[in-house]
Amino acid sequence: MTARWWVCRPGLAMPLALAAIAGALAGEALPAATGVGLALLGVALLLGAVCVRVVGRSGAWSLMGGGLCLLMAAWCALMLAHDRAGRLPEALAGQEFRLQGVVENLERDDWRTRFALQVTRCEALAQHVACPPLGQVRLSWYADNALAAGERWALTARLRPPLGFANPDTFDYAAWLRREHIHALGYVRAEETARRLAPAPFSLRRAALERLAKVPMSALGKRWLAALTLGAADGLTAADWELLNASGTTHLMVISGLHVGMVATLMLWLLRRLARWFAPRDWRLVAWPWVGAALMAFAYAGLAGFAPPTLRAALMTAIGLWVASGRHAPGWWQAWWLALALVVFADPMAPWRPGVWLSFTAVAVLILAWAGRPRPRGARGWCLALLRTQWLLAPVMAAAVLLAFGRLAPAAPLINLLAVPVVGSLMVPLGFCGWLWVAWPTLAGWVWAPFDLLARGVAAALAWSAQVVPLWQPAAWWHWPLALALLLWALLWLLPGVAFRLRVWFSALLLVSVALLRVPLLPPGTLVVTVYDVGQGQLVELRTRHQRVLVDTGPRFGSGFMPLTLLWPPGQRFDAVVVSHSDRDHSGGVPGLRADHRVDRWWAPRGNTLGLPSRPCVAGETWRADGATWRFLSPPRGAAALSRNDRSCVLLVTLGSRRVLITGDAGVTIERQQLLPQLGTGRIDVLVAGHHGSATSSAPSFVAATRPREVVFSSGRHNPFGHPKPAVVARFLAAGSRVWNTAYDGAVRLVLSASGIEVETQRHPGWSRRATVDAGDVGVESSP
């Protein structure tokens, strides 16, 4: 098979898919860089013309192919550019709007209701403010309400841009909001003015869920039945998702290609039996059973709400049926490219959805694994085929899941080998059978009793397997080496013509290479300071070659949520944790830290209310490790009369000539009486600004004496306190400092060594510009 065949065989499908992806990338780039977007569109057009010419077409055909590619790219680019235009701009953050729209994705808990509002009308309450073309906004309502999904409401909401915390190697909430086309976040204001404009129209899916609620089944059985047959995955609890993630079976409990394909296959089987009855001589030649099966796939996706995963599954199933029918059908690779083109065309945000690449990677592996092989025969043949498929597919999917989600379920291949037949061949058919009797809840309960029993049995088996072989969430440095090893291992067994002995030897070599991997250590004399983005609070991590120290643990909000729980997988070890004082914005993450991680030493001021087995941080207390000196400058002994803020633990870390100072919420009196006498005249390299940039800290005398090179404000975006205060920012700028703000820059990481200081921020551009000390001082004014 020549290389030209691989390039030319996909025909027009491949350039169409690539043009659609290029257009989607252009759509994301157009508002920020029109030139980049136009360049991508030009590349897409050129690619289309060249590829169509390569496959042997010329003249009008080449022009038509290039035109189709341009149209595909332009459509995807314009759709995403329009979506970006609808996102609430930063300048309108905190403004109130009168919104009308349809309620979707309703979630209730003990203290709030969260929902998406598909906006149909928007009016700004402030004068001279224009409402952007909002599409969908995600709102919280903190009062009692009578919201129901599908209803049309008018309400007042205070909105902010769709952003979240920005920290390295964590879930990107802002990216998720972008993928879900959420244009703004906010909460309902003036509850008394909210009113229902229209009731929810009839929905077959909603009616089915209401019927299901009356059926005598276990709560777990109802949740799993709704998820498997109706795509109501929003009904699954956090415990359900945790169990599915831990066992690597998330794909089984939502409507995916497996379930849509099964529904289409069942319909094809029934229709072909009918065709055989109506046309016994030429039933194999009729096309309507295949068309009916494809229509059934789309009808099932419509019942599940045409969510992107179900629409993707329906498109891929329909094209798969076309290929399997053999009627003027493309080859499997051409079908793969065509499906990718249609998926991106239907959902231009698809290139940013991990599920898209997981699905298409799985199908590509299956094509490679079974290309040119005969169809299995008999029960033994199908069992061997299933084993071989899982053997080849498991490492590729494990690598993809590791790169996409940062987790690895070691037992997932074996679990899926058993769970896929049980769920796909037993639970899903049983689930559909029960819906025929749902008008009679008691009878439906009898029909669904085997499903309920299987659901509870599968859940128990998954829980047991997750305990025996728990989910592994490796550190970020593991992800790429391990994923590459898994992909290489899969290629060894996928590619034809490789001798069995070579496969075994190279597999063993890969296994040894992975086993020899060791945690990368920092160079001697290096100190890494990371000020995490945790909202209005503080959490600072300091690392040397062998030391890992936290200063503060971030906030805990009224809901009980702690940002600290998003930063690391469980099981981390910290040599020391310093809780500067007991205010919730500094100590809120203590319960999560104690529950999920190991801490060798705790430090906290005397008289705190944290209940920790801590040592008191007192001025002069010192320890040394890795060539660094860790010394407390405050509070002084006998500080019981001081305020809680002034009792903050103030830590100075010295490594060679580099000095890092973290002052907690200590005020100007502590700065003058305690800190300046001990700091001397040397310049501070990194200062985590006191009290988040409040005017009660960072006095002019303190700033002038310390002249910090880098200043980091740990504050929440649009916080009600106005931190950092513009006067404080101006003070540091006048002293020649560079200033960073986690609210806009995201997490700020500073690497200190004898050669200089390197600074990297998570958001680019953020509140500041990314630069290093050697590039010259960079100053920015505080954002309004």
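Cys433 counts as partly exposed, because its relative accessibility is 39%; partly exposed lies between buried (under 20% relative accessible area) and exposed (over 50%), with a 1.4 Å probe and protein chains only. This is a predicted model: local features need pLDDT of at least 70, side-chain atom pairs count only at pLDDT 80 or more, and totals for chains, interfaces and linings use all residues. Residues are numbered from 1 along each chain as its sequence is written, and side-chain values use heavy atoms, with hydrogens and water left out.

**Disulfides overall**

- Searching the whole structure turns up two disulfides; a disulfide is a pair of cysteine sulfur atoms within 2.5 Å.
- With bonded cysteines counted along the chain, the pattern is 1-2, 3-4.
- Cys76 is in no disulfide. The nearest cysteine sulfur belongs to Cys69, 11 Å away.
- Cys76 counts as buried, because its relative accessibility is 0%.

**Cys122 and Cys131**

- Cys122 is joined to Cys131, with 1.7 Å from S to S.
- The S-S torsion of Cys122 and Cys131 is about 90°, so this disulfide is right-handed.
- Cys122 has 23% relative accessibility and therefore counts as partly exposed.
- Cys131 is also partly exposed, with a relative accessible area of 23%.

**Cys617 and Cys649**

- The disulfide between Cys617 and Cys649 has an S to S distance of 1.8 Å.
- The torsion about the S-S bond of Cys617 and Cys649 is about -55°, so the disulfide is left-handed.
- This pair links distant parts of the chain, 32 residues apart.
- Cys617 sits in the loop between strand 14 (615-616) and strand 15 (622-625). Cys649 sits in the loop between strand 16 (628-634) and strand 17 (650-655).
- Strands (E, at least two residues) and helices (H or I, at least four) are DSSP runs, numbered from the N terminus.
- Cys617 and Cys649 are both buried.

**Helix 13**

- Helix 13 covers residues 354-370, 17 residues in all.
- From first C-alpha to last, helix 13 reaches 25 Å, close to the 24 Å expected at 1.5 Å a residue; the expected span is 1.5 Å times one less than the number of residues.
- Which residues of helix 13 are buried? They are Val356, Leu358, Phe360, Ala362, Ala364, Val365, Ile367 and Ala369.
- The cover over these buried residues includes helix 11 (308-325), helix 12 (332-346), helix 14 (378-405) and helix 18 (476-494). Contact here means heavy atoms within 4.5 Å.
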